[in-house]
Amino acid sequence: MTGNRSLIWDRVATGVFWILATFVVAVLGAIIVHFLLASIGTLSLEFLTSSPSRTELGGVGPIIWNSFYILVLTLLITVPLGTIGGIYMAEYAGDGRIPNLIRLSQELISSVPSIVVGLFGLALFVIAFGWSFSALSGAMALTVFNLPLMMRLSEQAMRAVPQDERDASLALGASKWQTIHHVVLPLAIPGIVTGIILTAGRIFGEAAALIFTAGLSTPSNYDFTNFNLADPRSPWSPFHSATTLSVYIWKLNSEGLGSYVRQIADASSAILIIAVLLFNLGARLLGRTLQRRSTGSR
Amino acid sequence: MAVASTTQRTESLTGSQSALGRLDLPRRLTLLAAMIVILLVFLVLGFVAWNGTRIFFAGFGLADILSTTWAPTADPPQFGILPFIAGTVGVTAIAAVISTPLSVGLAIFMSEIAPRWARNIAQPAMEVFVGIPSVVWGWLGITILVPCLRTNLSWAGFNVGFSWFAGSLVLSLMILPTITSISYDVIASVPHEMRSGSVALGSTRWQTIRHVVLPAATTGIVTAIVLGMMRAAGEALAVQMVIGNRPVMPTGLADPLTTLTSQITLDMGNTVAGEPWNEALWTMGLVLLLISFAFVLFVRRLSRRNSYQ
């Protein structure tokens with residue numbers, strides 16, 4: 001059965017697969033190196049902290065702030081709600097009609113293109129609720145597709161907790177909720193945290209849903225001592241327009257104005273890629289540390 | 001009935017009804033949080049359908065919308081959205097054609113061939129790959145891909161570089177990690193006994209992959225490709241930045257084209273709510289939403305068929 005020709009074909013196939021895999025990883029490596037090289041000379045502490053300028057190179061300080069601000073605001077909404085929803089799906093939901101409807105809804109919402117989520121956010125948050133273009137509208141739009149994601153992540157983390165742990169707790173006389181609260185949830189936290197960080201990476205780079213919700217402009221004169229939330233100069237206020245880094249790259253490209261567009265967009269892309277790398281690395285390290293601590297202490 | 005009466009007896013045994021009610025509270029509260037997702041589906045579908053059908057009440061019929069002429073500033077304006085639908089379908093299809101061999105091949109490599117160290121590189125690489133934001137892909141397309149097409153392939157008709165092909169190429173890279181990681185999960189979950197059996201019969205590794213592993217994983221791989229196409233069809237900024245945005249029916253891979261997502265991205269900011277142009281964009285959003293929902297239902301069907309096998 002296995003003649004010489006089959007052996008040769010096996011060698012050829014193996015070689016092709018190796019070449020293919022090397023090619024794909026090399027493309028990714030090349031992209032990362034390209035942006036790191038392209039940002040040399042632009043990316044500096046000054047660029048990271050100063051405000052955008054129309055005539056000079058300027059910087060992206062307030063814009064990076066907006067990115068993190070919207071990220072934190074989104075997580076503040078999605079993490080508690082998503083975890084609680086995940087508890088239901090992992091611990092209470094069986095195979096009934098409502099759990100199935102929830103699962104279908106999760107899949108449907110996750111499938112909605114982000115530009116359509118942007119349209120929805122524009123109609124509901126920006127116009128109907130009158131929140132105008134603001135960090136709040138942006139965070140709510142991001143919540144739409146991150147809530148189901150967060151729910152599924154925490155559900156999976158809780159499902160990964162061995163049944164024995166629950167049985168032991170119930171056998172000791174703990175109620176179902178006490179078991180969830182004191183046994184399942186703590187054991188699931190490493191998984192949940194890893195999930196949160198990976199989601200955070202996605203939120204950080206999202207743009208299409210934010211163009212029509214968080215807006216295309218930002219106050220460039222942030223005053224960090226200003227805690228008056230009604231004042232657009234307060235960086236702590238969610239009520240004013242807040243361009244994020246990804247949206248800024250898109251805006252620079254579509255306006256095509258200024259002589260520094262190329263440098264600014266290259267450097268901003270490099271920042272986004274570095275952020276993705278850090279989020280991934282952080283998720284791995286933190287997940288591992290928490291895992292060690294929670295299993296070590298028990 | 002018997003079950004119900006037992007429950008009632010337990011209730012009376014444990015005493016007050018309120019104690020039981022309190023025990024049940026966590027279940028109800030967590031269910032409430034989980035049901036927000038259902039509410040979101042209705043809200044999104046409701047808002048998009050409401051705004052997306054308004055153009056039909058503004059004097060435009062189905063024949064006007066399903067025409068090939070998009071001329072929003074002409075007199076009288078025309079809002080045929082067929083070029084955008086065709087563009088989305090065309091760009092997505094070519095992206096899947098480019099991406100499928102690469103990503104399924106990579107998935108086979110990771111599951112069947114790679115030694116541990118190579119897998120330890122490939123897997124995190126896919127995670128980073130999927131995390132690269134779409135504007136970064138778009139910017140890469142504008143600064144590297146489009147000029148490259150223009151200078152090296154002008155003989156093939158790439159006079160401007162911004163083209164159907166550029167859009168598909170960028171998309172194929174964006175959906176590569178999606179198809180790869182889902183296919184990998186499916187291929188790796190093919191039972192080990194099937195491979196052992198094939199090898200015991202004297203098959204080489206390639207014969208085992210081709211005649212045993214791949215047939216067993218086909219439905220899952222198709223699911224992976226469909227999910228990849230879903231992502232491609234909904235992707236907005238990267239495509240918009242490299243495709244050239246010309247609202248015509250697709251002609252050639254080297255020609256500029258446009259898609260549903262690109263046109264919404266470009267025009268939404270220039271139009272005012274209530275005018276037909278704006279309403280036509282909402283109709284495109286509705287079409288996109290329905291396409292995505294159709295993909296989800298198709299994938300559900302596929303996976304149900306898979307579980308019967």
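In the predicted model, helix α7(B) passes helix α9(B) in a right-handed crossing, a crossing being right-handed if the near helix is turned clockwise from the far one by less than a right angle and left-handed if anticlockwise. Helices are DSSP runs of H or I with at least four residues, strands are runs of E with at least two, and both are numbered from the N terminus. The axes of α7(B) and α9(B) come within 8 Å and cross at roughly 150 degrees; α7(B) is therefore roughly antiparallel to α9(B). Axes are lines fitted to C-alpha atoms, for helices over the stretch in contact, and angles run from 0 to 180 degrees between N-to-C directions. Angles under 35 degrees count as roughly parallel, over 145 as roughly antiparallel, 65 to 115 as roughly perpendicular and the rest as oblique. Residues that α7(B) brings to this contact include L171(B), I175(B) and T178(B), and among those from α9(B) are V213(B), A217(B) and R231(B). The contact of α7(B) with α9(B) comprises 13 nonpolar, five polar and one charged residue. Here Ala, Val, Leu, Ile, Met, Phe, Trp, Tyr, Cys and Pro count as nonpolar, Asp, Glu, Lys and Arg as charged, and the others, Gly among them, as polar.

Because the model is predicted, local features need pLDDT of at least 70 and side-chain atom pairs count only at pLDDT 80 or more, whereas totals for chains, interfaces and linings use all residues. Residues are numbered from 1 along each chain as its sequence is written, and chains are lettered from A and ligands numbered from 1 in the order in which they are written.

Helix α7(B) also packs with α6(B), the axes coming within 10 Å and crossing at roughly 135 degrees, which means that α6(B) is oblique to α7(B). This crossing is right-handed. From α6(B) the contact draws on S134(B), W137(B), G141(B), L145(B), V146(B) and L149(B), and from α7(B) on A166(B), L169(B), V170(B), L173(B) and M174(B). Nine of these residues are nonpolar, two are polar and none is charged. A166(B) touches G141(B), L145(B), V146(B) and L149(B), as well as G161(B), V242(B) and I243(B), not counting residues up to four places away in sequence.

The largest nonpolar core has 174 residues, and those with the most contacts inside it are L119(A), F120(A), A166(B), V170(B) and V242(B). Helix α7(B), residues 164-188, supplies the largest share of this core, 15 residues. A nonpolar core is a set of buried Ala, Val, Leu, Ile, Met, Phe, Trp, Tyr and Cys residues joined through C-beta atoms within 7 Å; a residue is buried if 20 or more other C-beta atoms, placed from the backbone, lie within 10 Å of its own, exposed if 12 or fewer, and partly exposed in between.

Between the chains, 64 residues of chain B are in contact with 64 residues of chain A, contact requiring C-beta atoms, placed from the backbone, within 7 Å. On the side of chain B that touches chain A, α2(B) gives the most, with 17 residues. That side has 47 nonpolar, 14 polar and three charged residues. Helix α1(A), residues 4-38, packs with α5(B) at about 45 degrees, with axes 10 Å apart, and is therefore oblique to α5(B). This crossing is left-handed. A21(A), V25(A) and L28(A) meet I121(B), A122(B), A125(B), V128(B) and F129(B); the contact has eight nonpolar, no polar and no charged residues.

Chain A has eleven helices and zero strands.

Key: Contact = placed C-beta atoms within 7 Å.
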